Amino acid sequence: MGSAARTDRAHARLAELVAALSLGIDLGFGQPMEHVLRQCLIALRLADGLGLDEQQRAVVYYTALLINVGCHTDAHEQAKWFGDDIASKAIKYDHDLRSPRMTAAGLRFFGSGQPPLHRFRLGLEFVVSGHREVDGMVEHHAAIARTLAEQLELSGDVLAAIGAAYERWDGRGWPGELKGDQVPVAARVSQAAEFLEVANRMGGVEAAKALARKRRGAQFDPAVADLVEAEGDILLAGLDGTGTWDAVIDAEPALAIVVSGERFDATLLAIANFVDLKSPYFLGHARAVSELAAEAGARLGLDETEVRTLRRAGLVHDLGRLGISNAIWDKRGPLGTGEWERLRLHPYLTERMLRQSEALAPLAAIAVQHRERLDGSGYPRGLSGAGISRPARILGAADAYQAMREQRPHRPALAADAAGAELRAGVKAGRYDAEAVEAVLGAAGHRVARRREGPAGLTRREIDVLRLLARGLSNKEIAERLMISPKTVGTHAEHIYAKIEAPSRAAAGLFAMQHGLLPEESFPARVAV
């Protein structure tokens, strides 16, 4: 079978990738997961009620999913001024954003968590220059969300609507250049849906109707407010009882946008880079880890499909960081016990963001384990030994090495030699997989001892498959054990039988025993370095 025939054909709908990202945006606002998904459904219902056509509904769909996607990109500055950036953003739905009550509520967070002297100095800095930085934040959120939409190759109408996401009907929005019908209808509908979702979730349909009446002609388009007043019971019905993820994916208007191959990778990279903006200490981290892990996987004999999966898992491995405050990520001193517990959640949050998508679930299975350690000291589940998949061991070593090479608020970046020594010390301490570490270091340019091929030129992966073939496992059972596809197992099996010139399972088992591959414990030097 030629390599072209084995090319990865995995694809995903763009809606799945954007919806997965939206779950992280929920967490960044202190909202329960699927808040954005529910607001998308409300926005589509409003679009139907206003008589928008299918093309306009498509614009509403992506605008509703992406409307707040830029709000984490200055979380570093938010944490500087207001402490916990997630807690300070969570009050967004309590008052009108332009009201004195909202200003007073925001000021209560000023310098939160800092000693009095630091708060005083921060106050002086805010008066001199900081207020201008804070004033521009909302405007910048819309502009940078539009940038992501451009990278996702969405339509010009979607870009325009996202760029106007914070404009208001009365012209008092951000940047305050549009008012009334000048604001794209998708922006008007999506913004109302966002606030109505929270009001309905917290207080029911009557609370949502009251909000629509109160903000009619100010923040909200009167036509949208009147529609909620007249048909709110229908517009907001059944949101808690529906399978929200499936409902949103199935509701994508017009022709579904499907990404595959290089565009799939480019889309994941765009999202990864966007998430890395959350903290200046992580800029470019996902991409570097992805490339390092993929090269290490190739060095270890993973096939093309496995390497591609590992590369993609590297891009998404830290999406869950959106759900952890920058008061923790950017803290210069040691973390407290409670802060550590929150930080340890981020691989779990990554899994929760990705697991509902059939295309992303295999990446989630790898990413959630990248902070697990062989001795059981890792997180989030404290897995150990064979409980950690081989791709996750590679990704974990790549992430650890790259993190050491980057500056953190509490320490400078380590030099390459120091990072390599630290990683190898982790192997001796039983935390990291030796094979994975040496492959990562080799990929990073370190000098490593050459690996010996297995007998008959078998790769490490082929040895793993051979052991299980010899024990009589089916291709499907082997695929489940090694977390690869049955098709990939079949390809490995063809290569194995050809290399060792074995006509049967029994002959393959004899070969394995003769060369010390079985039992496994008798071949400690199978990948000697």
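## Exercises on buried charges and a helix pair

Glu194 is buried, and Lys92 is buried as well, in what is a predicted model.

**Exercise 1.** Determine which parts of the chain are tied together by the salt bridge between Glu194 and Lys92.

*Solution.* Begin with the pair itself, whose side chains meet in a salt bridge with an N to O distance of 2.7 Å. Next, place each partner: Glu194 lies in helix α10 (residues 185–203), while Lys92 lies in the loop between α5 (85–89) and α6 (100–107), so the pair ties together parts that are 102 residues apart in sequence.

**Exercise 2.** Work out how helix α8 (residues 137–151) and helix α14 (residues 261–276) are arranged, and describe what their contact consists of.

*Solution.* First, take the axes, which come within 9 Å and cross at roughly 160°. Since angles over 145 degrees count as roughly antiparallel, α8 and α14 are therefore roughly antiparallel to each other. Then list the residues in contact, which are Ile144, Ala145, Leu148 and Gln151 from α8, together with Ala270, Ile271 and Phe274 from α14.

Technical notes
Residues are numbered from 1 along each chain as its sequence is written. This is a predicted model: local features need pLDDT of at least 70, side-chain atom pairs count only at pLDDT 80 or more; totals for chains, interfaces and linings use all residues. Side-chain values use heavy atoms; hydrogens and water are left out. Axes are lines fitted to C-alpha atoms, for helices over the stretch in contact, and angles run from 0 to 180 degrees between N-to-C directions. Helices (H or I, at least four residues) and strands (E, at least two) are DSSP runs, numbered from the N terminus. Angles under 35 degrees count as roughly parallel, over 145 as roughly antiparallel, 65 to 115 as roughly perpendicular and the rest as oblique. Contact means heavy atoms within 4.5 Å. A salt bridge is a side-chain nitrogen of Lys or Arg within 4 Å of a carboxyl oxygen of Asp or Glu. Buried means under 20% relative accessible area, exposed over 50%, partly exposed in between (1.4 Å probe, protein chains only).
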